[in-house]
Amino acid sequence: SGLFAYDPGFTSTASCRSEITYIDGEAGILLYRGHPIEQLAEKCSFLEVSYLLLNGELPTQKQYDDFVRQVTYHTLLHDQLSYFFQGFRRDAHPMAIMVAVVGALSAFYHDALDIRSKANRDLSAIRIIAKIPTIVAMSYKYSIGLSFMYPRNDLGYVENFMRMMLGNPCEEYHENPVLVKALDRILILHADHEQNASTSTVRLAGSSGANPYACLTSGIACLWGPAHGGANEAVLNMLLEIGDSENISHYLEKAKDKNDPFRLMGFGHRVYKNYDPRAKLMRQTCHEVLDELGLHDDPLFKLALELERIALEDEYFIEKKLYPNVDFYSGIVLRALGIPVNMFTAMFAMGRSVGWIAHWDEMISDPEHKIGRPRQLYTGKTQRDVLSIGERE
Ligand code: CMC
């Protein structure tokens with residue numbers, strides 16, 4: 001009808017105002033609350049960054065200690081929630097389990113339903129940051145038939161997660177500080193990315209006044225898709241399929257062929273038309289982790305570096321400004337840490353949860369926020385009469 005701007009995929013529509021994250025896609029700049037991602041990745045822990053995203057400023061030592069204490073206090077799940085896992089097949093995808101269990105949290109914390117209270121919203125944010133790692137680890141333990149590991153409150157956030165995920169009750173788990181730092185950095189790099197598909201989904205769900213756990217679940221469901229968070233899993237499977245640098249040109253030709261649905265996973269981005277700054281940090285982390293583990297000759301990493309080099313010299317990728325994105329190297333790091341491929345997107349969700357909840361809270365705190373209600377361009381039939389069933393052909 002021409003009454004509304006038609007913008008499929010929201011390539012040029014700002015759906016909200018936000019003070020949380022800034023991206024300059026042409027220059028390859030990413031700032032959380034004004035701070036460059038490179039500096040945050042170097043100087044801060046994931047929980048410091050979480051505090052920053054939620055509160056607008058980095059915490060003082062005292063604020064940080066208090067925040068860590070609150071998060072640590074909430075790491076345990078209600079015991080009743082463990083029965084949810086038993087209802088799944090052992091081979092269920094962990095993201096399917098996450099969608100169900102995170103959504104179910106709203107059945108346990110009724111205070112979350114009153115979203116007008118800032119204290120309730122803050123408590124929900126803490127619970128989410130605290131419990132998602134426990135849920136991720138339990139999803140994995142269930143899938144491999146090992147007993148759940150309870151959180152240990154004397155450990156740091158990432159150490160505790162690694163122990164719940166990779167340890168077992170029969171022996172002490174010895175964490176490696178280099179690997180802990182690497183995982184912490186992965187979480188920082190995934191923590192927020194302004195109005196990406198899953199965050200926009202969380203905002204749209206939340207705009208109706210739905211509770212934060214329900215909103216987060218909608219974000220997790222959206223993240224699962226291979227064009228979004230599912231890309232890290234897809235990258236690793238793609239590298240395994242390519243197998244050898246000899247085959248790179250064949251796969252690049254496939255990626256360029258418009259009749260072939262294959263895309264180079266981990267390449268391209270709606271906003272970055274330059275190198276994704278997170279991919280640079282991830283590639284650096286890859287070097288650190290593989291060196292620490294004595295895997296400098298990791299064939300998959302070599303293949304990824306070679307693929308990047310060849311793609312970035314290719315006319316098609318240059319012209320379309322397709323560069324590696326955050327997911328291109330994150331899978332190699334996660335794999336080296338011992339995280340199985342089908343858990344990769346759940347790891348992304350763990351980092352992004354804080355971004356989702358920060359955006360949800362920012363929206364609810366804005367007195368001018370309205371229910372999200374996009375319009376459409378109707379392209380269907382014009383008005384016509386209903387024929388009774390015998391008259392229809
Ligand atoms: N391989 C080959 N061609 C590509 C690729 C790719 N990975 N990405 C984009 N193109 C082409 C695309 O075919 C299109 O060509 P043309 O203009 O001739 O039709 C052009 O580049 C623009 O692509 P688009 O699909 O219109 O761009 P978009 O902004 O809608 O999509 C994207 C962005 C990330 C979905 C896309 O680049 C893609 O599918 N990449 C692979 C999946 C991936 O790595 N996703 C992770 C994104 S970063 C983390 C996250 O957000 O979760």
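In the predicted model, a polar side-chain atom of Lys320 is placed 2.8 Å from an oxygen atom of the ligand. Lys258 likewise brings a polar side-chain atom to 2.7 Å from a ligand oxygen atom, and for Tyr316 a polar side-chain atom lies 2.9 Å from a nitrogen atom of the ligand. Of the 930 Å² of accessible area that the ligand has on its own, the protein covers 74% (Shrake-Rupley method, 1.4 Å probe).

Gly372 was examined separately. This residue belongs to the segment after α17 (344-365), where helices are DSSP runs of H or I with at least four residues, numbered from the N terminus. Gly372 counts as partly exposed because its relative accessibility is 31% (buried is under 20%, exposed over 50%, partly exposed in between; 1.4 Å probe, protein chains only). Apart from neighbours within four places in sequence, Gly372 is in contact with Leu204 and Ser207, contact meaning heavy atoms within 4.5 Å. Between Gly372 and Arg203, 169 residues apart in sequence, the C-alpha to C-alpha distance is 8.1 Å.

Residues are numbered from 1 along each chain as its sequence is written, and side-chain values use heavy atoms, with hydrogens and water left out. As the model is predicted, local features need pLDDT of at least 70 and side-chain atom pairs count only at pLDDT 80 or more, whereas totals for chains, interfaces and linings use all residues.

Terms used. Helix = DSSP H or I, 4+ residues; strand = E, 2+ residues; numbered from the N terminus. Polar contact = N/O pair within 3.5 Å; in protein donor to acceptor, adjacent residues only side chain to side chain.
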